[in-house]
Amino acid sequence: MALAQMGSLNALEQTGENSFWRKWLAASLPSADVIGGVFSIIDCNAFRRILKHLYSRLKRNKVLRPPFCDNLFALVIDGHESSASYLRCCDKCLQREVKTSKGSRIQDYHRHVTAILLCKDFPVLLDLELQMPGEDEVAAATRLLERIFLNYPRAFDVVVADGLYARAPFFKTVIAHGKDVIAVLKDDRRDLLQDAMGIFRQEQPVVFQQDGVTRQCWDIEGFTSWTSFGQDVRVVRSVETTTVCRQRTGEKEDCVAEWMWVTTLSKQRVPTKTFVRIGHGRWDIENKAFNELTTYWHADHVYKHNVVAIEAFWLITMLAYNLFHAFITLNLKPAIRQLYTKLHLARAVAAELYGMNKCRAP
């Protein structure tokens, strides 16, 4: 179901007469209700072990290559809201008050934190952790990282996250395991931000072109303003100018964006140009993971409103995502990959499944 991107247990059930199932299951395909019930009590760690096994095979076969520089892998973590409803809820749902035209309403929703390993050819989804009631995203991410450190101790060198994770306890957790960390720097760290901006005004930026963008970068180490962290940090600022052509008027316009990061990485290990690429690599978890998973893989679909089932279906979708991209990269020749889109190849998988069905006379 996941590989064929069906997005429905009922759609899977309709393929029950397929000879494929009789060959591989040696039994009838379970109904949608039975599959949903089983996933409500399944051991999610079984999926995690398969994900780890797949990563180990890819690593051993030298498939995974660093995307930015030699021997430097980045692990991106970020939160994602998978579902929200005013009607359905469970004991593990998060709640928030939403103001509507008819007054305030309580909305139930689910969020989780996902870990994705950035690689040159395709990102590898490693694990996720559900956010529980009464805790914030960083607490769930810390719990996820502890498991990642245990299962993938040598898979990555640096953790990349957004401004929400620029907290001393989170940074200390990462460096305690021998890893570096990069986080977006926002107003939450006001002392460090003001200290950095004051020094940047006295320094000339390094200007360079990268991916069609003109970047003015300031990169300074040795900041001690983050007293709660207790260690020197490096702050990087990038003012980026992109020229766009407006579709309506045809006029060219310069769009300016500013980014700032705080990190434990040294300049000697990662120079400015490479650092900026790693900092922006965080968006891969949105563009190459969440966007594709929700749009094409139906990952946000609630197959069964049970916290164990939600986690299990997400993990098996992550496994299907990794297998699909590994197959395309390793088993298809470059000419085929250029000729057909990934969406076409995914539809071909579904067509094979449906095509094996034998039509029965009424």
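Me: What makes the backbone nitrogen of Arg88 and the side chain of Ser85 a polar contact?
Reply: The nitrogen lies 3.0 Å from a polar atom of that side chain. A polar contact is a pair of N or O atoms within 3.5 Å; within protein, one must be able to donate a hydrogen and the other to accept it, and residues adjacent in sequence count only if both atoms are side-chain atoms. The model is predicted: local features need pLDDT of at least 70, side-chain atom pairs count only at pLDDT 80 or more, and totals for chains, interfaces and linings use all residues. Residues are numbered from 1 along each chain as its sequence is written, and side-chain values use heavy atoms, leaving out hydrogens and water.

Me: Why is Ser85 called buried?
Reply: Its relative accessibility is 16%, so Ser85 counts as buried. Buried means under 20% relative accessible area, exposed over 50%, partly exposed in between (1.4 Å probe, protein chains only).

Me: Which residues does Ser85 touch, not counting residues up to four places away in sequence?
Reply: Gln107 and Asp108. Contact means heavy atoms within 4.5 Å.

Me: How do you know that E2 and E3 pair?
Reply: Strands E2 (residues 94-100) and E3 (residues 103-118) share 7 bridges, in the antiparallel sense. Pairing takes at least two bridges found by DSSP, so they pair. Strands (E, at least two residues) and helices (H or I, at least four) are DSSP runs, numbered from the N terminus. Arg96 stands opposite Gln107 in E3.
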